Amino acid sequence: MSQALIELSDVDLAYDNKCVLEGVSFSLESGEVACILGPSGSGKTSLLRALAGFLQLKKGEIAINGQCVASLHTMVPPQDRSLGLVFQDFALFPHMTVQQNVEFGLFKLTVNEQKQKAQYYMDIMGIAELAAKYPAELSGGQQQRVAIARAIAPEPDVLLMDEAFSSLDPTLREQVTHDVRDIIKRLGLTAILVTHDQSEAFAFADKIAIVAEGRLQQFSNAYSLYHEPQTYFVANFVGEGVFIQGEYNKSEACVETALGKLFTKVVKTQQTMQKRIETSMISSQNGRMDSEAKKSTFDDFTDKQIVNVLLRPDDIIHDDESPHKAIIVERFFRGAFIKYKLQLPSSLETIWCFAPSHHNHHIGETFGISVQLDHLICF
Ligand SMILES: Nc1ncnc2c1ncn2[C@@H]1O[C@H](COP(=O)(O)OP(=O)(O)OP(=O)(O)O)[C@@H](O)[C@H]1O
């Protein structure tokens, strides 16, 4: 098994004994790209600062390349951690040209080597023709490329970026995010980006660490975060979706909701407080149950227990043949599809539904819906 390049073990962070994050553990292998994602004030930047060597740990350990760089009693300074840093405001030296900025971290090399290496990374970042310009003469996107070239030119083990794309306008941002990921992957760099923007995290990262409510909620790839959320917070935070209530029916081994009976199999997760159910099939219309569901156990649930069932807009299909009807309370035209907010008449709960754009209905109309998903998440 390959060794982790970065390993955080049971890390606690605090300011003046006020805890920000507790028990954070995850690891990254060489060449992996990760994002730290979470709401404002959740501790993303604090975690990056701890990785960079600007914030002392309260507990736990951070190792880079197998060497402990941070613990309660250890704080290897930033310059000795083999890191490249890119900040939200790029922090370029305004009195230096692009070339001088990129050469800045190469002071240990001869002048010739500095020029060659700077040229190489300016070429890679597509900024070679800007070499003689000053930061004030560059666009935001160009400044960002210079900041990354400066950070990676000394060939650090790890590239750390704090909201590195957030000052770019949305169109440029999507393209630059894509290009930078491409370059990072081509160079085989290991990188961590802090962001509050989930679509940026989805586009950029192999793995995403979601921090909120004082802890690491989940560390996994985007698909797992969306389809297999481990906590109620992640289910709510990632993607779009709502919870509707259901009642666990032990004798029929299903969850009864306003959209019919959902037949399920229980999947054990690390969570002890929260329960996740995975359906092998939804049979709200015909009451069927597949063989996997029959084999299931429901040890975590008691009969008639009320559970919250996560429904994503893409789980709800406009289906006029369905016995389940819903009233359109809001609609958002999105070009290729329409996003409808629907109210279920029997429970007054609201759910979302994506329908193709030609399924053009208006507020107040009622239409048929069915649930179509291969797994279902309940808490
Ligand atoms: N130097 C500091 N001294 C005291 N408290 C701090 C300090 N820096 C951050 N905090 C607090 O720590 C918590 C986490 O802050 P942090 O900046 O890490 O969050 P964040 O997720 O990066 O937020 P944002 O997305 O808004 O930048 C916040 O409650 C913040 O007020």
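These legends walk through close-up views of a predicted model.

**View 1. Helices α4 and α5 side by side.** Here α4 (residues 140-152) packs against α5 (residues 170-187) at an angle of about 20°, and their axes sit 11 Å apart. That makes the two helices roughly parallel (angles under 35 degrees count as such). Helices here are DSSP runs, H or I, of at least four residues.

**View 2. Who touches whom.** From α4 come Gly141, Gln144, Arg145, Ile148 and Ile152, while α5 brings Leu172, Val176, Asp179, Val180 and Leu187; contact means heavy atoms within 4.5 Å. Sorted by class, that's six nonpolar, two polar and two charged residues, with Gly counted as polar.

**View 3. The ligand's surroundings.** Around the ligand you'll find residues including Tyr15, Val20, Pro39 and Lys44, each with a heavy atom within 4 Å.

View 4. For the side chain of threonine 45 it's 2.9 Å, and for a polar backbone atom of glycine 43 it's 3.0 Å.

Residues are numbered from 1 along each chain. Local features need pLDDT of at least 70, side-chain atom pairs 80 or more, totals for chains, interfaces and linings use all residues, and side-chain values use heavy atoms, without hydrogens or water.

Definitions and conventions. Axes fitted to C-alpha atoms, helices over the stretch in contact; angles between N-to-C directions. Parallel < 35°, antiparallel > 145°, perpendicular 65-115°, else oblique. Polar contact = N/O pair within 3.5 Å; in protein donor to acceptor, adjacent residues only side chain to side chain.
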